[in-house]
Amino acid sequence: VAITLVTNSPETNDLPEISLVGRGMYGELLGYNLQPEVARCARPRAGIRVWEWVGRTADDSEPRYGTMHSKFAVIDRRIGLVGSYNLDPRSARLNSETALAFENPALAARLADSILHYDLRFSEEVDVDEAAEFAHPRDVVRRFRKSIGKLFESEL
């Protein structure tokens, strides 16, 4: 299995402290790549890759795009999910969110290609070392901002 996760960076999130809290989970996700089953997999790029949307390409000095609000998933290039639904307790209780699921290989493949060839151009991949730093920030300001976000984690 190859999983590509794209999420907002703190700089592009309208709630940056929540991104700082979420970053603490990257290490666990990327840790699955060290499992023997993943390491033995013949499929290139098997495992989990985490990217943060920064709204600019590597060549851009300034962001061109802001927050990524869309939610979509593609499974086996056959099934797709597109919508605005947030997978959090607050959205389940309070928001009026929707999602559309479809089974159409041609459409699902186009969505997957859009993610891989467009969205990743405006994102930066997170490696294991960065994930470890995110989990336990050395910078006092980041530690403080993360602690503020943790106060609201169960509500968001």
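**Entry 1, ground rules.** I worked from a predicted model, in which local features need pLDDT of at least 70, side-chain atom pairs count only at pLDDT 80 or more, and totals for chains, interfaces and linings use all residues. Residues are numbered from 1 along each chain as its sequence is written, and side-chain values use heavy atoms, with hydrogens and water left out.

I looked up the largest nonpolar core and found seven residues: Y26, L30, I48, V50, V126, A131 and F134. The term covers buried Ala, Val, Leu, Ile, Met, Phe, Trp, Tyr and Cys residues joined through side-chain atoms within 4.5 Å. Buried is under 20% relative accessible area, exposed is over 50%, and partly exposed is in between (1.4 Å probe, protein chains only). At least two residues of this core come from each of helix 2 (26-31), strand 2 (47-53) and helix 6 (128-135). Helices (H or I, at least four residues) and strands (E, at least two) are DSSP runs, numbered from the N terminus.

I then listed the contacts of L30 (heavy atoms within 4.5 Å). Leaving aside neighbours within four places in sequence, L30 touches I48, V50, V126, D127, V128 and A131.

I find eight salt bridges in the structure. The criterion is a side-chain nitrogen of Lys or Arg within 4 Å of a carboxyl oxygen of Asp or Glu.

I checked E17 and R145, whose side chains pair at 2.8 Å, N to O. E17 sits in helix 1 (residues 16-23) and R145 in helix 7 (residues 140-151), so this bridge ties together parts that are 128 residues apart in sequence. E17 is partly exposed at 23% relative accessibility, and R145 is partly exposed at 29%.

I next checked D113 and R77, which form a salt bridge at 2.9 Å, N to O. D113 belongs to helix 5 (residues 105-117) and R77 to the loop between strand 3 (71-75) and strand 4 (79-83), so the parts tied together are 36 residues apart in sequence. D113 is partly exposed at 32%, as is R77 at 35%.

I also noted R64 with D60, at 3.0 Å, N to O.

I placed N8 in strand 1 (residues 2-8), and N8 counts as buried at 10% relative accessibility.
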